[in-house]
Structures are given as structure tokens and as C-alpha cells.
Amino acid sequence: MAALCGLFGRPYLDLERYVDLGRLAALDDEICLGLTRVEPWYTGGSLKWMGVVAPSVQRDPYADYGRVIAAMGEDEFRRFCSLGEAPERFDPARRGEYAFGDETENPLTKEQMLYLNYKHGVYFPWKVVYHFVENRLWADKHSGRGKGFTGEARAVFPETVAFLRALPFREIGRCVLFGLEANDHAPLHRDAEPGRAEQVGHSISLCPRGDKRFYLSDPAESRRVPVTARAYWFNEMDYHGVEPDPYFRYSIRVDGVFEPSFLKTLRERHRQAP
């Protein structure tokens with residue numbers, strides 16, 4: 001394991017035996033066509049500001065919008081706010097009091113993200129993001145209360161939604177497609193700090209093509225573990241990222257609460273006590 005948190009004594013769990021892999025090619029066809037009919041989002045541009053990246057990433061040259069916004073003067077801040085919702089709510093003289101983007105009360109609009117990209121060179125790792133099940137706050141991503149697959153997702157991706165609904169979850173709190181454009185990479189980061197969470201969050205990641213080159217890393221960044229499975233569960237307390245490639249890649253991550261029988265099966269097959 002070499003300092004990886006892992007799952008049941010392994011770096012990650014290969015879940016291919018629990019997924020109908022024969023359907024993945026058909027789902028890939030539906031997903032790629034469907035993405036042309038919806039409006040994907042950007043995300044991941046503030047991982048440094050959020051403090052969740054590996055030490056080497058903090059020193060890399062890719063611009064982070066949390067830092068960019070914090071360094072804006074009054075005129076530039078005013079221009080940035082003009083591209084968002086209700087810009088009159090923000091006083092440029094008090095700009096240091098506001099937080100923007102993921103996990104804040106001021107989510108970015110697409111116009112603001114594009115401006116940060118075009119004007120300030122902010123790097124958004126995931127430029128093709130689509131929510132099948134919406135979820136705003138990270139802490140709520142495992143709760144299915146009041147949530148469901150969106151009407152658009154059911155209409156545009158009917159076979160994919162049926163497939164996702166059949167996964168062994170008691171409830172689904174978030175379901176997101178994360179896509180990377182050609183030559184982009186996902187910086188090494190972790191979703192939770194080891195020792196802070198009471199248990200590992202339940203999730204299944206699906207990569208229909210098996211070509212995303214997702215990997216895990218130990219905290220010292222001395223060892224990379226490639227995840228080759230097309231369906232897998234990994235410990236979000238481990239650093240993880242995606243290597244760059246000269247083509248578009250994507251995966252779908254489903255977060256929620258596993259069916260108790262499914263979790264019991266995983267424990268038994270990996271010889272773990274309840």
C-alpha cells in the first residue's frame with residue numbers, strides 16, 4: 001500500500017464484476033451524442049485556493065481563480081462581477097470579504113469562468129462537466145434526499161440513466177460526468193483529508209472506454225498507481241489525478257450510499273470483518 005489509504009487493504013477496488021460491461025459501448029455512443037445536445041460546465045479551477053492539491057501542484061504554473069480573484073483591483077473586480085448574477089451585491093472596496101466558486105455562496109457563471117480563462121489564463125481541468133443528479137455542496141453528495149435524475153438527463157441520456165439507477169446504491173446524492181479536453185490533465189488532489197472523515201465515502205466511477213488514465217498517488221508523490229478498471233471505487237482521501245492525452249476523455253462518478261448487501265459482499269470477498 002505504501003502510504004495509500006486505499007480500500008480493504010488494496011489501492012482501490014475493481015468493480016467490473018458488478019457492472020454489465022457489455023452495455024458500456026452503447027452507453028458511450030449515447031453519451032457522446034447527448035453531450036452535443038446539452039450545455040456542459042467547467043470545474044476544478046480553484047483546487048489550489050481550496051487547499052486540496054498535492055504539494056507539487058501548489059508550485060506548478062497553472063493559474064487558480066481563487067488566487068486570481070483575490071489579486072484583482074477594484075476595476076477588474078467590478079468587471080468580473082458584471083458577468084455574474086446580481087453584480088450590484090458586491091462592493092469592490094470590500095472585495096476581500098467575498099468568496100466565489102465551488103463550495104461558496106457565490107457560484108461562478110459560465111461567463112465568469114470563460115472570462116477568467118480568456119483574460120487571466122485560469123486553468124479549468126474539467127471543461128466538460130454534466131450533472132445527471134445535481135448537488136451543490138460537497139458535504140451533501142451522499143444524501144439522496146430531495147434529489148433525482150434531472151428531466152434533461154432522462155430525456156437526453158435515457159439508457160445511461162437506466163444503467164446508473166440500476167447500480168447497487170440505496171440512495172444517490174450526486175452523479176456527474178467529468179470530461180477532459182485533449183491535452184488537459186487533472187491535477188493531483190484529494191477530496192477529503194485522511195483522519196477527518198469517519199468512513200470512506202461510497203462511490204462508483206465508470207469509464208466506458210477505459211482510456212482516462214486515472215491514477216492514485218501516495219502523499220510523498222513517490223508512487224503512482226494507475227487505475228485500469230472501467231468500474232471502480234477508490235478512497236477519496238488518497239491523492240488522485242488524470243494524465244494528459246491528445247484526445248477527449250471522460251468518466252462518470254456516482255456518490256451515495258451503497259446497498260447494505262453490496263457492501264457486505266465487498267467485505268466478504270476481500271475478507272474484511274463488518
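Modeller: Ground rules come before the questions. This is a predicted model, where local features need pLDDT of at least 70, side-chain atom pairs count only at pLDDT 80 or more, and totals for chains, interfaces and linings use all residues. Residues are numbered from 1 along each chain as its sequence is written, and side-chain values use heavy atoms, without hydrogens and water.

Biologist: Which strands are the edge strands of the open sheet of 7 strands?

Modeller: Strands are DSSP runs of E, at least two residues, and helices are runs of H or I, at least four, all numbered from the N terminus. Two strands pair if DSSP finds at least two bridges between them. The order here is 1-9-6-11-4-3-2, with antiparallel pairing. An edge strand pairs on one side only, and that describes strand 1 and strand 2.

Biologist: Which residue stands opposite His 131?

Modeller: Strand 3 spans residues 126–133 and strand 4 spans residues 169–180. The two run antiparallel, joined by 5 bridges. In strand 4, the residue opposite His 131 is Val 176.

Biologist: What angle does the direction of helix 9 make with that of strand 11?

Modeller: Helix 9 packs on this sheet, touching strand 1, strand 4, strand 6, strand 9 and strand 11. Contact means heavy atoms within 4.5 Å. Axes are lines fitted to C-alpha atoms, for helices over the stretch in contact, and angles run from 0 to 180 degrees between N-to-C directions. With strand 11, the angle is about 105°.

Biologist: Where does a positive phi follow helix 6?

Modeller: Helix 6 covers residues 110–120, and its buried residues include Met 113, Tyr 115 and Leu 116. Among the elements covering its buried residues are strand 2 (41–43) and helix 4 (65–70). Just after helix 6, a phi of about 70° is taken by Gly 121.

Biologist: Which residue is opposite His 189?

Modeller: Look at the other open sheet: 4 antiparallel strands in the order 5-10-7-8. Strand 5 and strand 10 (residues 239–242) pair over 2 bridges. In strand 10, His 189 faces His 240.

Definitions and conventions. Buried means under 20% relative accessible area, exposed over 50%, partly exposed in between (1.4 Å probe, protein chains only).
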